Amino acid sequence: TPIVTGLHQDDLQTRLNKQRRKNFYSCHFNLQSTRTSNPSIYGLLDTSRALGLNTGAQYRRSLHPRLFLTLGVQFSRQREELTPFFANRRNVSADAGIAGNNQDAANWGPPALNFASGVTNLTSPQYNLTRNQTAAYTADGFYNRGSHNLTFGAAHRRQQFNVLSQQDARGAFAFTGAAAANDLAGFLLGIPDASSIAYGNADKYLRATIHEAFLNDDWRVNPGLTINYGVRYDYWS
């Protein structure tokens with residue numbers, strides 16, 4: 001049976017540049033939307049959606065024919081959501097009398113059933129919602145003096161990582177045939193040979209602050225020799 005995955009993607013990209021005397025302005029705005037449909041051999045359709053945003057603006061000033069300064073601000077955000085077929089639709093585990101797994105509507109569905117003999121496993125992805133974003137402020141410059149080309153700058157970034165997902169929320173049963181001499185027989189009798197389940201809240205809200213600074217020199221000693229050296233500092237919290 002062929003399994004065909006559907007993909008629908010839309011992209012929007014814009015950029016605006018303007019120069020006025022010694023001042024140069026630029027900005028951009030990019031947006032991408034992706035929708036995916038993933039059917040299984042059982043006819044269960046899992047869907048995922050992703051929305052990405054990237055925007056920023058820069059200002060460059062020519063202070064001297066040999067000196068340029070650039071200031072910038074950037075913002076990016078990525079949202080991804082994976083929705084299994086049974087999520088918010090039917091609590092299969094409760095209907096089957098299976099207790100102990102996660103009962104949130106987003107995690108409704110059957111537990112995973114794994115067979116050792118080659119019978120097709122019943123598996124479905126876990127619900128997952130991820131929202132990550134980064135805001136950044138940058139400043140850099142360029143200065144030419146004789147045979148030296150100096151670049152320098154600094155940046156401040158604030159990052160967020162928000163993950164709402166419970167690993168193995170519905171649990172899993174493995175049938176190897178150890179208890180009933182046959183894995184399918186063990187399934188029909190309701191006797192799994194192994195099981196697994198995840199407990200606790202797996203949601204994560206992580207924050208990071210990043211500071212960067214650098215200085216680099218491109219020194220052209222002579223037409224046949226160039227020395228590039230510099231120093232960089234990064235701090236991550």
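**Sheet, salt bridges and ring pairs**

R232 and D234 meet through their side chains in a salt bridge, at 3.0 Å from N to O. A salt bridge here is a side-chain nitrogen of Lys or Arg within 4 Å of a carboxyl oxygen of Asp or Glu. D234 is partly exposed, at 35% relative accessibility. Buried denotes under 20% relative accessible area, exposed over 50%, and partly exposed in between, with a 1.4 Å probe and protein chains only.

The model is predicted: local features need pLDDT of at least 70, side-chain atom pairs count only at pLDDT 80 or more, and totals for chains, interfaces and linings use all residues. Residues are numbered from 1 along each chain as its sequence is written, and side-chain values use heavy atoms, with hydrogens and water left out.

The salt-bridge count comes to 7. One of them joins E212 to R157, with the closest N and O atoms 3.3 Å apart. E212 lies in strand β10 and R157 in strand β7, so this pair ties together parts that are 55 residues apart in sequence. E212 counts as buried, at 14% relative accessibility. R157 is partly exposed, with a relative accessible area of 22%. Shared partners join R157, E212, R232 and D234 into one network of salt bridges. Another salt bridge links R90 with D95, and its closest N and O atoms are 2.9 Å apart. D95 is exposed, at a relative accessible area of 52%.

Strands (E, at least two residues) and helices (H or I, at least four) are DSSP runs, numbered from the N terminus. Two strands pair if DSSP finds at least two bridges between them. An open sheet holds 8 strands in the order β1-β2-β3-β4-β6-β7-β10-β11, and the pairing is antiparallel. β1 (6–20) and β11 (225–236) are the edge strands, each pairing on one side only.

Strand β6 (residues 128–145) pairs with strand β7 (residues 148–165) in the antiparallel sense over 18 bridges. The bridge partner of N128 in β7 is S165. β7 also pairs with strand β10 (residues 204–222), antiparallel, over 16 bridges. L150 stands opposite D217 in β10. β10 and β11 pair in the antiparallel sense over 12 bridges. These two strands form a hairpin, with 2 residues between them. F214 has R232 in β11 as its bridge partner. R232 is also the salt-bridge partner of D234.

The structure holds 6 aromatic pairs. Rings of Phe, Tyr and Trp (its six-membered ring) pair if their centres lie within 6.5 Å; planes under 30 degrees apart count as stacked, over 60 as edge-to-face and the rest as tilted. The ring centres of F115 and F175 are 5.5 Å apart and the planes stand at 20°, so the pair is stacked. This pair links distant parts of the chain: F115 in strand β5 (residues 112–115) and F175 in strand β8 (residues 172–175), 60 residues apart. Both F115 and F175 are buried. The rings of F115 and F187 have centres 5.7 Å apart and planes at 85°, so the pair is edge-to-face. F115 lies in strand β5 and F187 in helix α2 (residues 183–189), so the pair ties together parts that are 72 residues apart in sequence. F115 counts as buried at 13% relative accessibility, whereas F187 counts as partly exposed at 33%. Ring pairs link F115, F175 and F187 into a cluster.
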